[in-house]
Amino acid sequence: MKLDVSLVANAIGLTSQLLFSSRIILQWIQSERAKRVLVPTLFWQISLVSSFLMIVYGMLRHDPVILSAQLISYAIYIRNLQLLGEWRKLNGLFRAGAYVFPLAMLGWFVMGTSFFSLQTMLNSRIPRGVLVLGAVGQTIFLLRFVYQWLYSERKGESVLPLGFWVVSLIGSALILTYALLRRPVDIVLILGNVPGLVVYARNVVLLRREIKGLKVEEIEK
């Protein structure tokens with residue numbers, strides 16, 4: 001029986017998006033309870049596992065947009081755990097695997113198999129215009145973490161500022177458009193970005209309200 005690569009890819013991608021959605025819902029619930037934006041450590045841990053799965057998904061789909069974005073995001077997730085002081089608390093085998101597995105997968109991808117290969121990805125038939133749209137969306141979506149990373153480095157702690165959520169909202173909308181225009185349509189990206197749009201918009205509202213409240217307090221003092 002021949003293995004259906006697209007079925008395996010979708011299973012991996014949907015699992016990843018389910019994890020991505022769970023971390024956003026977790027962050028959302030905690031923020032709603034506190035009436036301000038909070039980002040638990042578990043958010044970054046789930047992000048790391050989800051990103052690895054999306055790297056594999058990007059390879060199986062031969063999608064340069066997904067693969068390149070997730071490789072960079074993966075490194076940023078690790079850095080945030082380091083900034084939180086949580087990285088060294090994780091099991092040593094998990095940390096070693098977090099470094100080794102992506103490199104091993106990339107090496108396998110470059111060598112090529114019957115399931116995925118770098119050469120096949122380079123010969124991708126995705127229309128140039130759609131590919132550019134996806135690249136722009138993923139770049140914007142990725143820049144949110146670059147911005148967040150630089151912001152956190154200045155603060156010396158892991159923080160998700162207002163700009164992070166605004167950029168997330170814009171990037172997610174563009175990626176959703178890319179997923180709808182891509183052929184075949186990318187159901188994994190669609191299911192992953194629709195709930196995200198709602199949460200990003202809500203976090204923007206919460207943070208704006210929080211910032212406004214702080215300004216009022218400063219004036220009253």
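## Terms and model

Helices here are DSSP runs of H or I with at least four residues, numbered from the N terminus. Just after H6, one of these helices, Gly156 takes a positive phi of about 80°. The model is predicted, and the values below are to be read with that in mind.

## Overall fold

The chain holds eight helices and zero strands, so that, read from the N terminus on, its elements run α-α-α-α-α-α-α-α. The radius of gyration of the chain is 18 Å, which agrees with the value near 17 Å that a compact globule of 221 residues would have. Along its principal axes, the C-alpha trace spans about 70 × 40 × 30 Å.

Of the 221 residues in the chain, 42% are buried. Among contacts with a separation of 6 or more, 73% come from residues 24 or more positions apart. The chain exposes about 11900 Å², and carbon and sulfur atoms supply 67% of that area.

## Helix H6

The buried residues of H6 are Val130, Gly134, Gly137, Gln138, Phe141, Leu142, Arg144, Phe145, Gln148 and Ser152. Past the end of the helix comes Gly156, the residue with the positive phi noted above.

Gln148 lies in helix H6, and it counts as buried because its relative accessibility is 0%, where the cut-off for buried is under 20%. The side chains of Gln148 and Asn80 are joined by a polar contact of 2.7 Å.

Leaving aside residues up to four places away in sequence, Gln148 touches Trp44, Ile76 and Asn80, as well as Ser158, Val159, Leu160, Pro161 and Phe164.

## Ser47 in helix H2

Which helix holds Ser47? Ser47 has its place in helix H2, which comprises residues 41-61. Ser47 has 0% relative accessibility and therefore counts as buried. When residues up to four places away in sequence are not counted, Ser47 touches Phe20, Arg23 and Tyr77.

Conventions:
Residues numbered from 1 in each chain as written. Heavy atoms only, no water. Buried < 20%, exposed > 50% of the residue type's maximum accessible area, 1.4 Å probe, protein only. Helix = DSSP H or I, 4+ residues; strand = E, 2+ residues; numbered from the N terminus. Contact = heavy atoms within 4.5 Å. Polar contact = N/O pair within 3.5 Å; in protein donor to acceptor, adjacent residues only side chain to side chain. Rg over C-alpha atoms; globule rule 2.2 N^0.38 Å. Areas by Shrake-Rupley, 256 points an atom, 1.4 Å probe, with all protein chains shown as cover.
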